[in-house]
Amino acid sequence: MDRLDNTIRPYAWGSPTAIPHLLGTDPTGEPQAEMWMGAHPGAPSRTERGTLVEVIDADPEKELGPAAVAKFGPRLPFLLKILAAGAPLSLQVHPDLEQAKEGYADEERRGIPVDAPHRNYKDANHKPELICALTEFDGLCGFRDPLAAAGLLDDLGVDSLKPYVDLLHAHPEDAALREVLTAILTADPEEMSRTVAEAAAACTRLGGAYAPYADIAHHYPGDPGVLAAMLLNHVRLQPGEALYLGAGVPHAYLNGLGVEIMANSDNVLRCGLTPKHVDVPELLRIVRFRPSDPGVLRPEASPDGEELYETPIDEFRLSRYVLPEAGSAHDLTRATPQILLCTAGSVRAGEHDLTPGRSVFVPAGEKAEVSGTGTLFRATVVA
């Protein structure tokens with residue numbers, strides 16, 4: 001096993017205290033948004049053998065196993081994170097694999113630099129993701145029923161929202177949602193800013209179910225994403241609950257600490273709540289305009305103590321172990337690569353003592369015995 005030394009990303013929306021509190025370190029006063037565990041070239045984990053990218057590149061089959069290399073290529077196909085949202089993240093959506101390949105190839109043909117601010121596709125991969133709450137965690141996930149969204153907007157009593165309310169009563173539902181989101185994102189910026197300001201004031205006055213949108217508007221005054229957010233389901237996860245975000249599903253994280261795992265990709269199309277580029281035509285091509293239940297996931301327990309979060313993709317597999325007794329041991333050896341992350345208590349993984357926020361990389365087939373009293377997340381692949 002390799003103990004991991006991981007980079008913390010200081011994005012502006014990050015909580016200045018949540019990750020330091022988990023790690024038992026002093027806050028720096030700066031936001032600490034995400035701690036990355038894996039072999040993403042932007043911030044690979046470091047080991048005594050070099051970065052995890054260098055370790056895997058030196059012998060992919062030994063580190064990842066022949067089955068994983070055959071299925072995903074000579075790279076770790078997932079990225080594990082601790083995510084600490086102190087303010088809303090951008091409202092966003094991710095492409096499916098075919099859309100990502102097409103979009104990446106198109107932007108390559110057009111000669112758009114990969115680091116250009118208006119570039120949509122940084123790579124040719126999809127980016128399904130799963131967020132598991134460590135604290136109460138607020139987010140937005142998937143479209144509401146259009147009539148429910150119409151009622152939410154109508155009760156604000158803002159005259160300039162009436163056209164959107166009327167559109168949401170139209171049929172079919174997917175066309176109604178598409179038309180309203182298009183209208184919101186293409187409206188005159190000055191008029192939209194005034195509408196959002198009126199809506200925000202009404203949300204603050206009404207409170208209750210409107211409180212999340214008042215908070216969003218506080219962080220992003222005048223942003224059309226405030227209204228787009230009201231088209232989506234608001235979800236509050238309790239610790240241990242999770243959300244799976246598949247391709248085309250609009251979503252945003254609002255507040256809380258969680259463990260996030262995703263396919264190893266940077267492909268994001270934004271809908272709002274951001275100063276970054278919003279490509280409306282491409283966004284509308286990717287979004288799936290279907291009302292849906294957010295689908296809160298709870299782990300399925302197996303007899304050996306593993307609690308698995310079921311998802312429909314193979315690039316990652318996330319589970320956890322809640323270890324109640326220091327004397328009991330679990331053999332987690334697998335023929336696929338693993339990252340083991342402690343989030344509570346004290347866990348012994350091989351020769352490494354893990355406290356909250358500490359992690360190890362386990363090469364494919366490497367003996368992985370764990371014991372202790374605490375909570376351990378296990379990230380691997382299906383190969």
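Where is the place of Pro172? I found Pro172 in the loop between helix H7 (162-168) and H8; helices (H or I, at least four residues) and strands (E, at least two) are DSSP runs, numbered from the N terminus. The peptide bond from His171 to Pro172 is cis, with omega near -5 degrees.

**Ground rules**

I am working on a predicted model, in which local features need pLDDT of at least 70 and side-chain atom pairs count only at pLDDT 80 or more, while totals for chains, interfaces and linings use all residues. Residues are numbered from 1 along each chain as its sequence is written, and side-chain values use heavy atoms, with hydrogens and water left out.

**Whole chain**

I looked up the secondary structure and noted 12 helices and 21 strands in the protein chain. The radius of gyration is 22 Å, close to the 21 Å that the globule rule gives for 383 residues, so the chain is as compact as a globular protein of that length. That radius is taken over C-alpha atoms, and the rule is 2.2 Å times the number of residues to the power 0.38. Along the principal axes, the C-alpha atoms fill a box of roughly 65 × 50 × 40 Å.

I then checked burial: 56% of the 383 residues are buried (under 20% relative accessible area, with exposed over 50% and partly exposed in between; 1.4 Å probe, protein chains only). The accessible surface comes to about 15900 Å², and carbon and sulfur atoms hold 52% of that surface; areas come from the Shrake-Rupley method with a 1.4 Å probe. Among contacts (heavy atoms within 4.5 Å) with a separation of 6 or more, 75% are between residues 24 or more positions apart.

**Helix H8**

I picked Ala176, which sits in helix H8 (residues 173-186). Ala176 is buried, at a relative accessible area of 2%. Leaving out residues up to four places away in sequence, Ala176 touches Leu167, Leu168 and Ala170. Val165 is 11 residues from Ala176 in sequence, and their C-alpha atoms are 10.0 Å apart.

**Helix H10**

I listed the buried residues of H10 (residues 211-219): Pro212, Tyr213, Ala214, Ile216 and Ala217. Their cover includes helix H9 (189-206), helix H11 (225-229) and strand E12 (251-263).

**Leu273**

I placed Leu273 in the loop between E13 and helix H12 (280-286). Phi of Leu273 is near 60 degrees, a positive value in a residue other than glycine. Leu273 is buried, with 1% relative accessibility.

**Pocket and cavity**

For both searches I used a 1 Å grid over the protein atoms alone: a cavity is a set of points where a 1.4 Å probe fits but cannot get out, a pocket is an open set with protein on both sides within 12 Å along at least five of seven lines, and lining residues have an atom within 4 Å of a point. Points are joined across faces, edges and corners, and a volume is the space filled by probe spheres set on them.

The largest pocket has a volume of about 1000 Å³. Its lining has 44 residues, and Tyr11, Ser90, Val268, Arg270 and Lys276 lie nearest its centre. E12 gives the most to this lining, with five residues. By class I noted 22 nonpolar, nine polar and 13 charged residues (Ala, Val, Leu, Ile, Met, Phe, Trp, Tyr, Cys and Pro count as nonpolar, Asp, Glu, Lys and Arg as charged, the others, Gly among them, as polar).

I found one cavity of 30 Å³ or more. Leu91, Phe143, Leu181, Ala228, Leu232, Pro250 and Cys271 line the largest cavity, a lining of seven nonpolar, no polar and no charged residues.
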